[in-house]
Amino acid sequence: MDFFDKVSEGQIVPVVVIDDARNAVPCAKALLEGGIVFMEITMRTTCALDAIKEVVSNVPGITVGAGTVLSVDNAKSAIACGASFIVSPGFSAEVADLCVAEGIPYVPGCVTPTEIMAAAAKGLNVVKFFPAKVYGGKSAVKELAGVFRNVKFLPTGGINTDNLEDYIGEPYIAAVGGSWVCPSDMISAGDFAGITARSREAKGKIKAVKEGRS
Ligand code: 3PG
């Protein structure tokens, strides 16, 4: 199963902000215990690269990627630390070229037809739709998907337990992303049981939607 098939099966890519690398492994284990198999560690903190390394070395069951990748240098460092996928808030042709050359899945942020076309020209057909809530939510994704039939979307930004069901289960949605399953305050407070509970709740909702639609 390739990365994007696995994403479509998993349906959730948590966006994780780690302020202290010591929290990375317990956070990864908590997500995994709740049934989540992806973790996008954002390059927004000074310890992000250490956090990626820690999880790659210690939690083999979770696929770790780097988020908030803003430059080729960011992407190179994250790949060197073992990141299996790269996510950006916007589209970067340079990061796309690097990832294609390295064979690393790249999910760029695209909210306009022009950005989606730029990504598709690089062979990228899964894009992050961020910030989903601000750019029109599900109805905007649906309109774009009607035109770009080969593209799948990873809506992120403003997604939580209450609106998850709006997105999940549509053929043009690869998965949803977001911080709500492991927000920074829960990570910093060491509330890993709470993270597992939120993960289980989200996975349960996804299962229910999928069973209802099948
Ligand atoms: C991201 O980087 O994708 C967003 O910060 C996640 O948005 P959220 O915190 O609203 O889930």
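Residues are numbered from 1 along each chain as its sequence is written, and side-chain values use heavy atoms, with hydrogens and water left out. In this predicted model local features need pLDDT of at least 70 and side-chain atom pairs count only at pLDDT 80 or more, while totals for chains, interfaces and linings use all residues.

Me: What makes up the secondary structure of the chain?
Reply: The chain has 10 helices and 8 strands, counted as DSSP runs (helices H or I, at least four residues; strands E, at least two) and numbered from the N terminus.

Me: Why is the chain called as compact as a globular protein of that length?
Reply: The globule rule is 2.2 Å times the number of residues to the power 0.38, and the radius of gyration is taken over C-alpha atoms. For 214 residues the rule gives 17 Å and the chain has 16 Å, which is close, so the description holds.

Me: How many of the 214 residues are buried?
Reply: Buried residues make up 53%, where buried means under 20% relative accessible area with a 1.4 Å probe, protein chains only.

Me: What makes a set of residues a nonpolar core?
Reply: Its members are buried Ala, Val, Leu, Ile, Met, Phe, Trp, Tyr and Cys residues joined through side-chain atoms within 4.5 Å. The largest such core has 68 residues, and Cys27, Leu31 and Ile86 have the most contacts inside it. Helix α2 (residues 24–33) gives the most to this core, with 6 residues. A second, separate core of 11 residues includes Phe3 and Leu154.

Me: Which residues does Ile86 contact, leaving aside neighbours within four places in sequence?
Reply: Among them are Ala66, Val95 and Tyr106, with contact meaning heavy atoms within 4.5 Å.

Note on methods. Buried < 20%, exposed > 50% of the residue type's maximum accessible area, 1.4 Å probe, protein only.
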